[in-house]
Amino acid sequence: MTLISPSMLAADFLHLEKDVEMVNQHADMFHLDIMDGTFVPNISYGFPVVEAIASIARKPLDVHLMIVHPEKYIERFARIGVSMLSFHLNATDKPAQALLHIREAGMKAGLVINPDMPVESLYPYLHLCDHIILMSVYAGFGGQKFIEDTYERIRTLKAEIDRLQLNVKIEIDGGVCPENAGKLIEAGAEILVAGSAVFKSDDPATTVSLLRG
Ligand code: DX5
Ligand code: ZN
């Protein structure tokens with residue numbers, strides 16, 4: 001079954017509880033985008049917001065770090081109760097160490113790459129990952145247009161994961177909507193992140209069910 005991870009970046013921050021409840025009832029996890037204004041040219045939100053969501057979340061927290069030195073904050077996210085912690089491959093010079101550290105801290109570990117980074121750059125680390133986030137837009141902003149190359153990148157990565165007989169889930173992030181969800185799932189995606197498509201729609205719960213393909 002495809003898992004849907006709504007991106008809270010597109011939620012209504014003045015009525016955050018309502019959007020958290022929608023995810024609790026209709027989706028599978030909370031996608032939390034952490035941007036530091038250095039790794040990406042945007043700043044999102046930090047620990048106070050993550051802790052507030054964690055306090056009422058009944059679904060796992062799926063944290064996507066877009067920050068430099070992600071290894072510095074692993075323990076802190078573990079203490080908040082985060083289930084899945086992912087960072088960009090080019091955000092640290094010791095990715096293997098950081099992945100191991102995330103697992104030791106009791107979380108599922110994930111690597112993220114932008115659309116211009118070859119899928120093959122992930123291969124040395126696949127055995128240390130529980131999931132991979134393939135960006136289908138350039139990390140930094142919600143509401144961007146989906147990049148069509150993504151289908152081919154999923155197929156390439158999926159073939160390598162299967163060849164190695166690993167249990168690594170492929171998560172797709174950026175511009176995901178009901179119109180492309182079916183094709184993403186068919187290509188091998190198991191987790192779909194969607195911000196604008198869910199929270200800017202008239203009926204987020206129905207949109208979540210449409211995303212399941
Ligand atoms: C972009 C973030 C995404 C973003 C997705 O840097 O990683 O998670 O919130 O938003 P949409 O679904 O609007 O493209
Ligand atoms: Zn994200």
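Modeller: The model discussed here is predicted.

Colleague: What makes Phe47 and Phe77 an aromatic pair, and why is the pair called tilted?

Modeller: Their rings are 4.9 Å apart, centre to centre, with 45° between the planes. Ring centres must lie within 6.5 Å; planes under 30 degrees apart count as stacked and over 60 as edge-to-face, so the rest, this pair among them, are tilted. Phe47 lies in helix H2 and Phe77 in helix H3, so the pair ties together parts that are 30 residues apart in sequence. Ring pairs also link Phe47, Tyr73 and Phe77 into a cluster.

Colleague: How do you know whether Phe77 is buried or exposed?

Modeller: Phe77 has 2% relative accessibility. Buried means under 20%, so Phe77 counts as buried. Phe47, at 16%, also counts as buried.

Colleague: Why is Phe13 called partly exposed?

Modeller: The relative accessibility of Phe13 is 41%. Buried means under 20% and exposed over 50%, so Phe13 falls in between.

Colleague: What makes strands S4 and S5 a pair?

Modeller: S4 and S5 pair in the parallel sense over 5 bridges. The rule asks for at least two bridges, so they qualify. Within this pairing, Ser86 stands opposite Gly110 in S5.

Definitions and conventions. Residues are numbered from 1 along each chain as its sequence is written. Chains are lettered from A and ligands numbered from 1 in the order in which they are written. This is a predicted model: local features need pLDDT of at least 70, side-chain atom pairs count only at pLDDT 80 or more; totals for chains, interfaces and linings use all residues. Side-chain values use heavy atoms; hydrogens and water are left out. Helices (H or I, at least four residues) and strands (E, at least two) are DSSP runs, numbered from the N terminus. Buried means under 20% relative accessible area, exposed over 50%, partly exposed in between (1.4 Å probe, protein chains only). Rings of Phe, Tyr and Trp (its six-membered ring) pair if their centres lie within 6.5 Å; planes under 30 degrees apart count as stacked, over 60 as edge-to-face and the rest as tilted.
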